[in-house]
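I opened this notebook to record how the secondary structure elements are arranged against one another.

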Amino acid sequence: MHAPFRRRSRAARVASAAVIVVALAAGCSKQGAGDSGTPTGGSSAAAPAIQGDITFNDDNLARLDAALKAALQGKDLTKLDLAMVVNVAVDYWNAGRAGFTKGLADLGVKGTFQAPANGRLDQQLSILQTLRGQDISAFSLSAIDPTAVKSPIQSAGSAGIPVLVIDSPLPAEDGAALYLGTPNYQAGKRAGEAMKAALGGQGKVVVLVGSLTASNAVERIQGFEDALKGSGIEVANKLADNMDAAKALTNAQTAIQTDPGVTGLYGVYSYDGPSAAQAVQAAGRTGKVKVISDDSDAQTLAFIQQGVIQATVVQSPYQQGYTGAYLLAALKVLGKDATMAVVKPFLESDGSTLSSGVGVVTPDNLAAFRAKQTQLGITG
């Protein structure tokens, strides 16, 4: 999730948090339905197909980018120094860095991308303090801990430094201008719908997650559980790994070894899906224990190709970086009120979320998704 989520090795690469992807509930999102491709998945011939979608919210955000560019036309941007601060240095955020770098280049301004190496809160807080000392103009933030960043955000606001929340939402009263990222509840619902299709509506599922308290994780799990209501699928357990991929692997192994009735694993953080897939594959239960994951870690995509992971719900961190750069420039140069006037028509129905979209990658649209990443210059 959203994400916030980590990594210790190639096999343990992660992301939390929370890029961002959408086939939102009808009437809630401004994005199109997208091309689902040929249906795939399901635990029996009678099971419904898992529907793929990689349109995200790209069209809506492209219109917003153009509107912000027009509003900034003729303004002096030469003194801007922007920053994107994420929650952990993992492959997931390569897309965010690529988008932010492209946004800075298109704006003609300088900026920096910062990520704590091991997803440590003290490192993230230190980064924020250092940026303040460097007279940063504005920064976007995927917070590791909502409570811990409240004071730095409010302090930045008092100093005239706008803050844009990305990946994982924070309370509006904390002082950030806006949330740009995944509508995490909807992402969780997409995962639940995929699991329901994969299991044919019957089974027992264990949730693997980096944190049981991070807002994006809480929202995703709630959406996942709500999507399963009325089916014969039980969520038997939720296992936290504290953003440690090795622990996630142990949790997955324990889940399927101690309870043979477990037929599904849902991995919420980017490394949780590969960890679940490794456990299922090692136990010789590929296809028998269905895996639905979040995010587009390279290992996750490889496991989809192999048929070990049935689907992954993906975000669009690239747009969090690219549109994020435009929003930061506007917030600093135009001010919050003028910027929000431009943004308002593009918000979700809650009036506070600027969705980067939610997508679903399956074996059928995997090649198209990879081609899209390559086109955007996303590697890893």
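**Basis.** I worked from a predicted model, in which local features need pLDDT of at least 70 and side-chain atom pairs count only at pLDDT 80 or more, while totals for chains, interfaces and linings use all residues. Residues are numbered from 1 along each chain as its sequence is written, and side-chain values use heavy atoms, with hydrogens and water left out.

**Sheet.** I took helices (H or I, at least four residues) and strands (E, at least two) as DSSP runs numbered from the N terminus. Two strands count as paired if DSSP finds at least two bridges between them. On that basis I found an open sheet of six strands, ordered E7-E6-E8-E9-E10-E12, with mixed pairing. Strand E7 (232-240) and strand E12 (359-361) are the edges, each pairing on one side only. The twist from one strand to the next averages 20°; axes are lines fitted to C-alpha atoms, for helices over the stretch in contact, and angles run from 0 to 180 degrees between N-to-C directions.

Strand E6 (residues 202-209) pairs with strand E8 (residues 264-267) in the parallel sense over four bridges. In E8, leucine 265 stands opposite valine 206.

**Helices on the sheet.** I counted a contact where heavy atoms lie within 4.5 Å. Helix H6 (residues 215-228) lies across E6, E7, E8 and strand E9 (290-294), and runs at about 165° to E7. Helix H9 (residues 298-306) lies across E9, strand E10 (311-314) and E12, at about 145° to E10.

**H3 and H4.** The axes of helix H3 (residues 121-133) and helix H4 (residues 146-158) come within 11 Å and cross at roughly 5°. That makes H3 roughly parallel to H4; angles under 35 degrees count as roughly parallel, over 145 as roughly antiparallel, 65 to 115 as roughly perpendicular and the rest as oblique. H3 contributes Leu121, Gln124, Leu125, Leu128 and Arg132 to the contact, and H4 contributes Ala148, Val149, Pro152, Ser155 and Ala156.

**H10 and H11.** For helix H10 (residues 317-333) and helix H11 (residues 336-343), I noted axes that come within 7 Å and cross at roughly 140°. H10 and H11 are therefore oblique to each other. Leu327, Ala330 and Leu331 of H10 meet Lys336, Thr339 and Val343 of H11 in this contact.
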